[in-house]
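Please read them with the coordinates open.

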Amino acid sequence: MPLELSDDHKLLRSTVREFAEQEIAPVAEELDRTKSFPYEIVRRLGELDLMGIPFPEEYGGGGGDTLAYALAVEELTRVDSSVAITMCAHTSLGTQPIYLFGSEGQKLELLPSLCRGERLAAFGLTEPEAGSDAGNTQTRATLEDGGWVINGSKQFITNAGTDISALVTITAVTGAEREISNIIVPNGTPGYEPGEPYRKMGWNASDTRPLSFADCRVPEANLVGQRGAGLRQFFHVLDIGRIGVAAMGVGLAQGAFDQALVYAKERRAFGRPISQFQAIQGKLADMSTEIEATRLLVYDAARLKDAGRNFTLTAAQAKLKSGRLAVEVADAAVQIHGGYGYIEEYPVCRFYRDAKILTIGEGTDEVQQMVIARALGA
Ligand SMILES: Cc1cc2nc3c(=O)[nH]c(=O)nc-3n(C[C@H](O)[C@H](O)[C@H](O)COP(=O)(O)OP(=O)(O)OC[C@H]3O[C@@H](n4cnc5c(N)ncnc54)[C@H](O)[C@@H]3O)c2cc1C
């Protein structure tokens with residue numbers, strides 16, 4: 001496949017880059033420090049048609065492909081991970097299951113306001129006893145008098161508790177023998193309570209909370225797709241989601257590298273810029289090489305999906321590689337900043353804190369290794 005981006009892709013990338021540099025960069029430090037959800041930025045992302053990029057225009061989406069989505073995610077993360085994960089979790093985790101498996105009625109009702117970014121969607125899989133082991137879901141939904149009565153809890157859920165959160169799609173056991181289904185729970189439903197936000201290492205301006213369900217009743221029609229298909233649906237959603245998270249790793253690494261390069265040329269030691277020392281040059285050369293190689297892997301996963309080919313292996317490889325890349329490059333970028341890298345005055349400090357989750361969220365590195373080994377037939 002050719003590696004050159006189309007004119008449309010280049011235009012999208014430059015539009016998101018300009019937006020991120022002009023409207024996100026000036027407020028990113030404050031949002032992080034004050035742990036404030038970026039409502040105004042989400043509103044602007046909606047105006048720019050960036051909150052529903054891969055969904056068809058008939059549902060209010062941007063009609064873009066996976067590569068376009070990955071490019072946008074990369075450019076946002078290059079400047080701020082909290083904004084990027086808000087958009088990313090909303091799109092590929094929150095909205096995607098409704099688009100892929102929802103009824104036509106659910107799509108027509110829910111997708112337009114989600115794609116416009118007026119409302120946010122969340123995806124609730126993880127529980128205290130079910131993270132990597134997603135099949136161990138304990139939350140239960142029982143069909144009673146034409147409605148699902150839900151009891152249980154979720155944890156670490158993104159986008160569920162903001163002022164504009166519309167709904168969470170959760171996995172719940174709906175029958176005997178681990179029958180798991182997906183059910184939409186609108187915010188405001190009695191018995192559904194998003195808890196207090198967590199104190200996190202990073203992604204401080206994004207919304208992450210535990211959720212509790214106590215005799216929470218939703219209509220039977222809130223089932224997403226087939227009863228019992230919940231895990232299969234979510235695994236497919238996670239397959240796609242990996243491409244977005246992998247793009248976050250590349251974007252974060254690129255942002256950290258850009259800062260390190262600027263700093264290395266400005267900072268002087270022993271009478272010259274530190275960029276003239278071979279040890280620093282070696283780091284910068286390795287960082288840029290790894291970023292470029294990983295970027296190609298991420299784009300390849302997106303292109304495979306867009307070409308209708310099997311992308312599971314490549315998406316997992318891209319996610320595994322790019323999470324590690326983000327951690328390594330952020331570490332090297334802090335190192336190049338010396339003591340200033342440890343001080344919040346420099347954005348690279350935030351990038352370092354934001355990087356680690358990329359080896360954990362949406363499937364840990366160890367889970368990616370399992371997916372890769374399985375795809376290799378090992
Ligand atoms: C900020 C944040 C946002 C999140 N957002 C969401 C969200 O929106 N929706 C959602 O559903 N979840 C979300 N998560 C949850 C996230 O996806 C899980 O934390 C992740 O999948 C790991 O699950 P766990 O935390 O239960 O770890 P565990 O599954 O308990 O894993 C602990 C360790 O054991 C390893 N391990 C587990 N099983 C195996 C095995 N078979 N072989 C080898 N190693 C293994 C893991 O790799 C890990 O290193 C979020 C988490 C965070 C921190």
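1. Thr208 belongs to strand β7, which covers residues 208-219, in what is a predicted model. With a relative accessible area of 8%, Thr208 is buried, because the limit for that class is under 20%. The side chain of Thr208 makes a polar contact, at 2.6 Å, with the side chain of Lys200.

2. The pairing of β7 deserves a look on both counts given here. Strands β3 and β7 run antiparallel and are joined by nine bridges, with Ile157 having Arg209 of β7 as its bridge partner. Strand β6 also pairs with β7 in the antiparallel sense, over three bridges, and here Tyr192 stands opposite Phe213 in β7.

3. On its other recorded pairing, strand β3 (residues 147-158) is joined by five bridges to strand β2 (residues 140-144), and the two run antiparallel. Leu143 stands opposite Trp148 of β3. The two strands β2 and β3 form a hairpin with two residues between them, and Asp145, which is in the turn, has a positive phi of about 50 degrees.

4. Most residues other than glycine have a negative phi. Trp203 is found in the loop between β6 (192-194) and β7, and with a relative accessible area of 11% Trp203 is buried.

5. An N or O atom in the side chain of Ser132 is 2.6 Å from an oxygen atom of the ligand, and a polar side-chain atom of Glu366 is 2.7 Å from an oxygen atom of the ligand. The ligand taken alone exposes 980 Å², of which the protein buries 64%.

6. Is Gly102 buried or exposed? At 14% relative accessibility Gly102 counts as buried, although its place is in the loop between α4 (81-101) and α5 (104-115). The C-alpha atoms of Gly102 and Leu223 are separated by 8.2 Å, while the two residues are 121 residues apart along the chain. Not counting residues up to four places away in sequence, Gly102 touches Pro97, Lys107 and Val224.

7. Arg350 lies in helix α9, residues 347-355, and counts as buried at 7% relative accessibility. The side chain of Arg350 reaches the backbone oxygen of Val79 at 3.2 Å. With neighbours within four places in sequence left aside, Arg350 is in contact with Ala28, Glu29, Asp32, Val79, Asp80 and Glu344, a list that includes the acidic residues Glu29, Asp32, Asp80 and Glu344.

8. How many disulfides are there in the model? The count comes to zero disulfides. Cys115 is in no disulfide, and the nearest cysteine sulfur, that of Cys88, is 15 Å away, whereas a disulfide by the rule used here needs the two sulfur atoms within 2.5 Å. Cys115 counts as buried, at 2% relative accessibility, and Cys216 also counts as buried, at 0%.

Definitions and conventions:
Residues numbered from 1 in each chain as written. Predicted model: local features only at pLDDT ≥ 70, side-chain atom pairs only at ≥ 80, totals over all residues. Heavy atoms only, no water. Buried < 20%, exposed > 50% of the residue type's maximum accessible area, 1.4 Å probe, protein only. Pairing = 2+ DSSP bridges. Helix = DSSP H or I, 4+ residues; strand = E, 2+ residues; numbered from the N terminus. Polar contact = N/O pair within 3.5 Å; in protein donor to acceptor, adjacent residues only side chain to side chain. Areas by Shrake-Rupley, 256 points an atom, 1.4 Å probe, with all protein chains shown as cover. Contact = heavy atoms within 4.5 Å.
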